[in-house]
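Grab a pencil and have the viewer open.

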Amino acid sequence: MAKAWICLSFLFFFCISSERNFIKVNAEMKTWCVAKPSSDQAALLDNINYACSHVDCRILSSGCPCYSPGNLINHASIAMNLYYQANGRNYWNCNFKNSGLIVITNPSYGNCYYEYK
């Protein structure tokens, strides 16, 4: 019984210390939110509508640097990242019903810069 208690205590300590290190690393790492490539068109459109009802998505307007390419996955990724950056950069602000993906490589391209706050 004593061995089981020691093992459980060690596992509990390991989980707590690992979680703290994970949070600390993520807090210092730049992250962006993008749409999962496997997301369906309806989910991407829902994500754009949801994110843009909470943040300013004018950067996606025709003639703006992030309009092109004008496809749903690109526009959803930009809108989702705007929402993610504006709301604290945590897992839940990039979930979007499991269609969001947190990345550590800046997804900016050409003159379209993905916001990072």
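With 85° about the S-S bond, the Cys33–Cys94 link is right-handed. Keep in mind that this is a predicted model.

**Exercise 1. Work out what the link of Cys33 and Cys94 ties together, and whether each end is buried or exposed.**

Step 1: check the bond. The sulfurs of Cys33 and Cys94 sit 2.1 Å apart, and a disulfide calls for sulfur atoms within 2.5 Å, so the pair qualifies.

Step 2: Cys33 belongs to strand 1 (residues 32-35), while Cys94 is in the loop between helix 3 (72-86) and strand 2 (100-103). The bond therefore ties together parts that are 61 residues apart in sequence.

Step 3: look at accessibility. Buried means under 20% relative accessible area. Cys33 comes in at 0%, so it is buried. Cys94, at 2%, is buried too.

**Exercise 2. Find the other disulfides and say how the cysteines pair up along the chain.**

Step 1: count. The cut-off gives three disulfides.

Step 2: take Cys52 and Cys57. Their sulfur atoms are 2.1 Å apart, and the angle about the S-S bond is -95°, which makes this link left-handed. Cys52 is partly exposed at 28% relative accessibility, whereas Cys57 is buried at 13%.

Step 3: take Cys66 and Cys112. Here the sulfur atoms are 1.9 Å apart, and with 100° about the S-S bond the link is right-handed. Cys66 is buried with 1% relative accessibility, and Cys112 is buried with 0%.

Step 4: number the bonded cysteines in sequence order. The pairing reads 1-5, 2-3, 4-6.

**Exercise 3. Which residue has the nearest cysteine sulfur to Cys64, and how far away is that sulfur?**

Step 1: find the neighbour. The nearest cysteine sulfur belongs to Cys66, and it is 8.2 Å away.

Step 2: apply the cut-off. A disulfide needs sulfurs within 2.5 Å, and Cys64 is in no disulfide.

Step 3: check the surroundings. Cys64 has a relative accessible area of 30%, so it counts as partly exposed.

**Exercise 4. Describe the aromatic pair of Trp32 and Tyr116, then do likewise for Tyr50 and Phe96.**

Step 1: recall what to report. A pair of aromatic rings is described by the distance of the centres and the angle of the planes. Altogether, five aromatic pairs are counted here.

Step 2: start with Trp32 and Tyr116. The centres are 5.7 Å apart and the planes make an angle of 50°, a tilted pair. Trp32 is in strand 1 and Tyr116 in the segment after strand 2, so the pair links distant parts of the chain, 84 residues apart. Trp32 is buried at 5% relative accessible area, but Tyr116 is partly exposed at 31%.

Step 3: move on to Tyr50 and Phe96. With 6.3 Å centre to centre and 80° between the planes, this pair is edge-to-face. Tyr50 is in helix 2 and Phe96 in the loop between helix 3 and strand 2, distant parts of the chain 46 residues apart. Tyr50 is partly exposed at 39%, and Phe96 is buried at 11%.

Step 4: look for a cluster. Ring pairs join Tyr50, Tyr83 and Phe96 into one.

**Exercise 5. What covers the faces of strand 1, and in which sense does strand 1 pair with strand 2?**

Step 1: sort the side chains. Trp32 and Val34 are on one side of strand 1, Cys33 and Ala35 on the other, and all of them are buried; both faces are covered.

Step 2: check the pairing. Strand 1 and strand 2 run antiparallel to each other over four bridges. One of the residues involved is Ala35, whose bridge partner in strand 2 is Gly100.

**Exercise 6. Which residues make the nonpolar surface patch of about 380 Å²?**

Step 1: name the members. Tyr91, Trp92 and Ile102 make the patch.

Step 2: zoom in on Trp92. This residue sits in the loop between helix 3 and strand 2. Exposed means over 50% relative accessible area, and Trp92, at 66%, is exposed.

Key: Residues are numbered from 1 along each chain as its sequence is written. This is a predicted model: local features need pLDDT of at least 70, side-chain atom pairs count only at pLDDT 80 or more; totals for chains, interfaces and linings use all residues. Side-chain values use heavy atoms; hydrogens and water are left out. Helices (H or I, at least four residues) and strands (E, at least two) are DSSP runs, numbered from the N terminus. Buried means under 20% relative accessible area, exposed over 50%, partly exposed in between (1.4 Å probe, protein chains only). Patches are made of residues with over 30% relative accessible area and no salt bridge: like charges are joined within 9 Å, nonpolar side chains (Val, Leu, Ile, Met, Phe, Trp, Tyr) within 5 Å. Accessible areas come from the Shrake-Rupley method with a 1.4 Å probe; for residues, only the protein chains shown count as cover. A salt bridge is a side-chain nitrogen of Lys or Arg within 4 Å of a carboxyl oxygen of Asp or Glu. Rings of Phe, Tyr and Trp (its six-membered ring) pair if their centres lie within 6.5 Å; planes under 30 degrees apart count as stacked, over 60 as edge-to-face and the rest as tilted. Two strands pair if DSSP finds at least two bridges between them.
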